[in-house]
Amino acid sequence: MTEPIINILDLGRTFEGLPSGKPVLAGLSLVVEQGDIIAIRGRSGSGKTTLLNIIGGLDGGFTGRVVVGGNDLATLDDRRLSRFRNETIGFVFQSFNLIEEATCAENVLVPARFDRRGGNKVTGTRLGEVLDRVGLTGQDRRLPSMMSGGQRQRAAIARAILLQPKILLCDEPTGNLDSETGLRILDLFGELNERDGMTVVMVTHEDRVAMRAKKVFELVEGHLV
């Protein structure tokens with residue numbers, strides 16, 4: 001049997017200065033198999049984004065064991081953690097996180113600058129492939145300010161999948177989009193999961209997002225239900 005793509009055991013995360021004094025995550029465990037598409041729901045402040053950041057190697061101040069793509073994250077130094085993020089994880093954020101002064105193409109190509117596998121040699125063919133995949137053919141020279149919310153999110157997704165990561169982490173991916181555009185983005189996630197076998201983890205408070213997942217978890221009091 002293959003190992004789970006994500007294996008979390010007894011995860012804890014506490015932030016100093018919180019009024020409640022309670023940990024945000026407390027003894028949380030989660031197993032995600034390769035090719036899963038899951039949704040993690042929870043109220044604002046429940047720790048959804050914290051959990052996503054830990055899985056993606058953006059937050060290291062945790063207790064417990066977190067193994068992602070065969071990497072025990074607590075054992076990785078900064079250099080290996082950066083390499084792990086670039087080679088294994090694709091991030092999609094609610095606020096898009098595009099560089100406003102850069103064109104659509106330049107934004108999409110950002111991960112290639114940090115790819116130790118020779119990503120700086122990413123060809124125009126690959127760029128064209130991902131832009132076509134997300135429906136942005138012909139938009140490569142446009143600045144984010146010239147694009148709609150849906151187009152900016154598609155550019156963010158193209159950036160996330162440029163280097164063909166194993167896992168796509170999505171933080172409220174439709175939160176800034178109208179209903180119709182949000183559904184199209186969810187269709188794209190489903191296609192990436194079904195056609196490419198990409199593991200997709202979405203955190204959300206929206207029913208329309210959770211309904212697209214094969215498995216749905218609720219984050220309550222630091223635990224997954």
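**Sheets, helices and selected residues of the predicted model**

In the predicted model, threonine 204 touches Ile40, Arg41, Gly42, Lys48, Glu172, Val209 and Ala210, residues up to four places away in sequence being left out of the count. Threonine 204 belongs to strand β8, which spans residues 199–204. With a relative accessibility of 0%, threonine 204 is classed as buried. A polar atom of the threonine 204 side chain lies 2.9 Å from the backbone nitrogen of glutamate 206.

Strand β8 is part of an open sheet of six strands, arranged in the order β6-β7-β8-β3-β9-β10 with mixed pairing. The edges of this sheet are formed by β6 and β10 (223–224), each of which pairs on one side only. Within the sheet, strand β3 (residues 37–41) runs parallel to β8, and the two are joined by five bridges. In this pairing, isoleucine 37 of β3 stands opposite valine 200 of β8. Helix α2 touches β6 and β7, and its direction makes about 75° with that of β6. Helix α5 (residues 149–161) likewise packs on the sheet with contacts to β6 and β7. The direction of α5 makes about 170° with that of β6.

A further open sheet consists of four strands in the order β2-β1-β4-β5, with antiparallel pairing. Strands β2 and β5 stand at its edges and have a single partner strand each, so one side of each lacks a neighbour in the sheet. Helix α1 packs on this sheet through contacts with β1, β2 and β4, and its direction makes about 125° with that of β1. Strand β1 (residues 6–13) pairs with strand β2 (residues 25–32) in the antiparallel sense over five bridges. Across this pair, asparagine 7 stands opposite valine 31 in β2. The pairing of β1 with β4 is also antiparallel and comprises five bridges. Here glycine 12 has threonine 63 in β4 as its bridge partner. Strands β4 and β5 pair in the antiparallel sense over two bridges. For valine 67, the bridge partner in β5 is aspartate 72.

Valine 66 is located in strand β4. The relative accessible area of valine 66 is 0%, and the residue is therefore buried. Its contacts, with residues up to four places away in sequence not counted, are Asn7, Ile8, Leu11, Ile54, Asn71, Asp72 and Leu73. Among these, Asn7 lies within the span of β1, residues 6–13. Valine 66 and asparagine 86 are 20 residues apart along the chain, and their C-alpha atoms are separated by 17 Å.

Asparagine 86 is one of the buried residues of helix α2 (residues 78–88), together with Leu81, Phe84, Glu87 and Thr88. The buried residues of α2 pack against α1 (48–55) and against the strands β4 (63–68), β5 (71–72), β6 (89–93) and β7 (167–171). Of these strands, β4 and β5 belong to the four-stranded sheet, whereas β6 and β7 belong to the six-stranded sheet.

Phenylalanine 91 has a relative accessible area of 17% and is buried. Phenylalanine 93, at 23%, is partly exposed. The two values fall on either side of the 20% limit under which a residue counts as buried. Elsewhere, arginine 13 lies over the face of phenylalanine 15, at 4.1 Å from the ring centre.

Phi of phenylalanine 96 is near 75°, a positive value in a residue other than glycine. Phenylalanine 96 counts as buried, with a relative accessibility of 9%. Asparagine 97 is found in that loop between β6 and α3, and its phi, near 55°, is also positive in a residue other than glycine. At 40% relative accessibility, asparagine 97 counts as partly exposed.

Key:
Residues are numbered from 1 along each chain as its sequence is written. This is a predicted model: local features need pLDDT of at least 70, side-chain atom pairs count only at pLDDT 80 or more; totals for chains, interfaces and linings use all residues. Side-chain values use heavy atoms; hydrogens and water are left out. Buried means under 20% relative accessible area, exposed over 50%, partly exposed in between (1.4 Å probe, protein chains only). Contact means heavy atoms within 4.5 Å. Two strands pair if DSSP finds at least two bridges between them. A polar contact is a pair of N or O atoms within 3.5 Å; within protein, one must be able to donate a hydrogen and the other to accept it, and residues adjacent in sequence count only if both atoms are side-chain atoms. Axes are lines fitted to C-alpha atoms, for helices over the stretch in contact, and angles run from 0 to 180 degrees between N-to-C directions. A charge sits over a ring if NZ of Lys or CZ of Arg is within 6 Å of the ring centre and within 35 degrees of the ring normal.
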